Amino acid sequence: MLIPCTRITRARAAIEAFHRATAAPVACTRPVVLLYSTDPPAAFGEHTFVDDAWRAMGGRNAVAARGYPTMTAEDIARRAPAAVVVVGPRSMAVPAWLRTVAPAVTTTEAAELLEPSLRMLERAPAALRAVDAALAAQGAAGGVP
């Protein structure tokens, strides 16, 4: 089955725009835990789209496991992250204990980080820049401590 040229052209344009949008570094370059679930805690690990995008922007993922690992509170605390980001609907509860293991905690309802589509490439950098700004406002900006 042949894909119409307009789709290929749009995909290539989205990839190029993604690379341009992720070229500028984020302010928070210390280790961050990126969660997509809080009960139980589950993270975006290495080689996931969110991890790849965050790293392309100069960020550091505190979760070295590949894929989407389920974690415990102890797992997160042991990583001593500079920040925790919870990606999900506003209705997702952020447990109080998260604020005891990281100096900065923020949430984002960015569906483009959760729903595989071309929109991920087009909108994820802006969503992650907003997360970075929220973390910087909480004092999590800066490089390796």
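## Backbone exceptions in the loops

H47 lies in the loop that joins β2 to α2. The model described here is predicted. Most residues other than glycine have a negative phi, and most peptide bonds are trans.

A80 sits in the loop between α3 (73–79) and β4. Its phi is also positive, about 45°, and A80 is not a glycine either. A80 has a relative accessibility of 55% and therefore counts as exposed.

Where is the cis peptide bond that involves P40? The bond runs from D39 to P40, and its omega is near 0°. P40 belongs to the loop between β1 (31–38) and β2 (41–43).

## Strands β4 and β5

Strand β4 covers residues 83–87 and pairs with β5 in the parallel sense, over 5 bridges. Within this pairing, V86 has T107 of β5 as its bridge partner.

## Helix α5 against α1

Two packed helices are described by the angle between their axes and the distance between the axes. For α1 (residues 5–21) and α5 (residues 118–137), the angle is about 15° and the axes are 8 Å apart. The two helices are therefore roughly parallel to each other, as angles under 35 degrees fall in that class. Their crossing is left-handed.

On the α1 side the contact is made by R10, A11, A14, I15, F18 and A21; on the α5 side, by L118, L121, E122, P125 and R129. By class, these residues comprise 8 nonpolar, no polar and 3 charged.

## Helix α5 against α2

Helix α2 (residues 49–56) also packs on α5, here at an angle of about 65° and with the axes 10 Å apart. The crossing of α2 and α5 is right-handed.

Which residues of α2 meet α5? They are F49, V50, A53 and W54, and their counterparts in α5 are M120, L121, A124, L128, D132 and L135. The contact of α2 with α5 has 9 nonpolar residues, no polar ones and 1 charged residue. L121 of α5 is named in the contact with α1 and also in the contact with α2.

Conventions:
Residues numbered from 1 in each chain as written. Predicted model: local features only at pLDDT ≥ 70, side-chain atom pairs only at ≥ 80, totals over all residues. Heavy atoms only, no water. Pairing = 2+ DSSP bridges. Helix = DSSP H or I, 4+ residues; strand = E, 2+ residues; numbered from the N terminus. Axes fitted to C-alpha atoms, helices over the stretch in contact; angles between N-to-C directions. Parallel < 35°, antiparallel > 145°, perpendicular 65-115°, else oblique. Left-handed = near helix turned anticlockwise from the far one by under 90°. Contact = heavy atoms within 4.5 Å. Nonpolar A, V, L, I, M, F, W, Y, C, P; charged D, E, K, R; others polar. Buried < 20%, exposed > 50% of the residue type's maximum accessible area, 1.4 Å probe, protein only.
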